[in-house]
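Try each task first, then follow the solution step by step.

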Amino acid sequence: MTDRPARRLLIRDLEQLVTPAGRSAPLRGADLAAVDILQHAFVLCDGQDVVAAGRMSDLGPLDGDVVELDGRGRCAIPGLVDCHTHACFAGDRVEEFALRAAGASYEELHAAGGGILSTVRATRGAGEAELERIVRRHAAWMLRHGTTTFEAKSGYGLDLETELASLRAVAAAGGIPTWLGAHAVPPEFADADAYLEFALADVLPHAAGLAEAADVFLERGAFDREQARRYLEACRGAGLTLRLHGDQFTESGAIPLAIELGARSVDHLEATGQEGVRTLAASDVTGVLLPTSALFLDRPMPPARALVDAGAAVALATDFNPGSAFSESLPLVCSLACTQLHLAPAEALAATTVNAAHVLGRADRIGRIAPGYAADIVLLDAPDWRYLAYHLAGDVVDAVIRRGELAWERSSSVRELP
Ligand code: NIG
Ligand code: FE
């Protein structure tokens, strides 16, 4: 449901208004935990932008046409930013989920031609219109959990037509497309090198015009370090920002490669050891942590506390996909960040807003509630904003404002002002 665009929107009588402090990005070290908290607050949006935020006692009279929302019993935080999803897929992997529950491992299923390749078969059969419908459906799920900006990767087509259709479907559904051209080796190619030859010669020239970034799965059984280097160098040459899936199961040199190539992020890091933590912390590469994926696969959690304490820039994301993380909830990610990764609620908030926006190259416009930023705001059904992480798998998101419009509401009470 979407209200007609209001020129001005006032959210009033909020219990708390909370935003990562300052203006810089990415946030590291002690800055990651620095949040501004205003009690009894308001936010005023004009068109697609926030124009003022402050205490109710400082709210002067507003003339003209202003739509008001009731913030009583609610806390406002910035719209959440999911900087790592695989939301463009057809079919499901519920059979595989049941097999894993009975003891099969993710890597065994992948090696046997299941896993990612079973989703490739389903996605190739879907067609572009169906893929667009699917990504829109997934985007609607995300919105209900407070996600106002999402990235989504291709990588379940691995042929020219389906990879390009996936990137177009993501953009059509309002997402930020990443070309994950090196996700797995499809069965029609003899090996990874033969597949990369095709992907870089035939797909990259078109993908570069549709995607903002390129991503590679650098892992035993997928692409090795030299193959990843070849793929990423070609993508960089075509103007794409670089990202890597690295250290998910094994430390395979993803961190040094990411730094060498000037990548924006290296994502997963469940297998990263102390040396990797130190190396990443001393670099400009953001570590994207995906605790739902570790939980879903019963894998070790990434060394988040060590990374933050060492001064690394970290973001948090869902990794939403049918195989390793079938969950679109960033509030759940925040709960796992606090309970499993030993981050503070404030650190989880910055990692799912400002730092995730930085990974997507948008930290000057999204990730904070402050004048000049986009009017992307989540209203939590909570007396304290930390319910974002505290209310584990709860109905914590009450309403979502995206670009100054009420884009989703759990109940209509947010519109019922006396
Ligand atoms: O980030 N590890 C590689 N890719 C995805 C999983 C994709 C899938 O299982 O379908 C991930 O976990
Ligand atoms: Fe992923």
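An oxygen atom of ligand 1 lies 2.8 Å from an N or O atom in the side chain of Arg93. This is a predicted model, where local features need pLDDT of at least 70, side-chain atom pairs count only at pLDDT 80 or more, and totals for chains, interfaces and linings use all residues. Residues are numbered from 1 along each chain as its sequence is written, chains are lettered from A and ligands numbered from 1 in the order in which they are written, and side-chain values use heavy atoms, leaving out hydrogens and water.

**Exercise 1.** Find which side chain has an N or O atom 2.7 Å from a nitrogen atom of ligand 1.

*Solution.* 
- Step 1: Start with the residues that surround the ligand (a heavy atom within 4 Å). There are 15, and the closest are Arg93, Tyr106, Tyr156, Gln248 and Ser324.
- Step 2: Look for polar contacts (N or O atoms within 3.5 Å). The side chain of Gln248 is the answer.
- Step 3: Asp319 also takes part, with a side-chain N or O atom 2.9 Å from an oxygen atom of ligand 1.

**Exercise 2.** Sort the shell around ligand 1 into nonpolar, polar and charged residues.

*Solution.* 
- Step 1: Count Asp, Glu, Lys and Arg as charged; Ala, Val, Leu, Ile, Met, Phe, Trp, Tyr, Cys and Pro as nonpolar; and the others, Gly among them, as polar.
- Step 2: The shell gives four nonpolar, nine polar and two charged residues.

Key. A polar contact is a pair of N or O atoms within 3.5 Å; within protein, one must be able to donate a hydrogen and the other to accept it, and residues adjacent in sequence count only if both atoms are side-chain atoms.
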